[in-house]
Amino acid sequence: MYVCTCNAVTEREVRQAITEGARTNAQLRQRLDAKRVCGSCDDCLEEYLAEASEEQYEIPTPFVFPAPCLTNGAG
Ligand code: FES
């Protein structure tokens, strides 16, 4: 699916650019060699960046070892 039709940039290419370090709209455009022509993809690019940012700062679920009282019957 094309995200930026003016530059024929696909969703896959946008995600790859973010994975490789693009963190702003300008960085994305630079990495993708996608000049701002009509600007109608700006909001969409921002959404991809926001989504990636949320994923980056998502708090991982800590691995919790089972309590000893649940594994050896002691308690
Ligand atoms: S759709 Fe991206 S600049 Fe026009």
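Me: Among contacts in the protein between residues at least 6 apart in sequence, what percentage join residues at least 24 apart?

Reply: First off, this is a predicted model: local features need pLDDT of at least 70, side-chain atom pairs count only at pLDDT 80 or more, and totals for chains, interfaces and linings use all residues. Residues are numbered from 1 along each chain as its sequence is written. Two residues are in contact here if their C-beta atoms, placed from the backbone, lie within 7 Å. Of the contacts between residues at least 6 apart, the share joining residues at least 24 apart is 43%.

Me: In what order do the elements run from the N terminus?

Reply: Helices (H or I, at least four residues) and strands (E, at least two) are DSSP runs, numbered from the N terminus. The protein has 4 helices and 2 strands. Laid out from the N terminus, the order is β-β-α-α-α-α.

Me: What percentage of the residues of the protein count as buried?

Reply: A residue is buried if 20 or more other C-beta atoms lie within 10 Å of its own, exposed if 12 or fewer, and partly exposed in between, with C-beta atoms placed from the backbone. Out of the 75 residues of the protein, the buried share is 17%.

Me: Which residues of H1 are buried?

Reply: H1 covers residues 11-19. Down its axis, the buried residues fall within an arc of 100° (taken from the directions from the helix axis to the C-beta atoms), so they line one face of the helix. They pack against strand E1 (2-4), strand E2 (9-10), helix H2 (25-32) and helix H3 (42-56). On the other side, Arg-12 and Thr-19 are exposed, while the buried ones are Val-14, Ala-17 and Ile-18.

Me: At roughly what angle do the axes of H1 and H3 cross?

Reply: Two packed helices are described by the angle between their axes and the distance between the axes. Axes are lines fitted to C-alpha atoms, for helices over the stretch in contact, and angles run from 0 to 180 degrees between N-to-C directions. The axes of H1 and H3 come within 11 Å, and the crossing angle is roughly 45°.

Me: Which residues is Val-37 in contact with, leaving aside its neighbours within four places in sequence?

Reply: Val-37 sits in the loop between H2 and H3, and it's exposed, with 11 other C-beta atoms within 10 Å. Sequence neighbours aside, the contacts of Val-37 are Cys-6 and Asn-7.

Me: Is Asp-33 buried or exposed?

Reply: Asp-33 is in the loop between H2 and H3, and it has a positive phi of about 50° although it is not a glycine. With 8 other C-beta atoms within 10 Å, Asp-33 counts as exposed.

Me: What is the phi of Ala-8 near?

Reply: Ala-8 is in the loop between E1 and E2, and it's exposed, with 11 other C-beta atoms within 10 Å. Its phi is positive in a residue other than glycine, near 55°.
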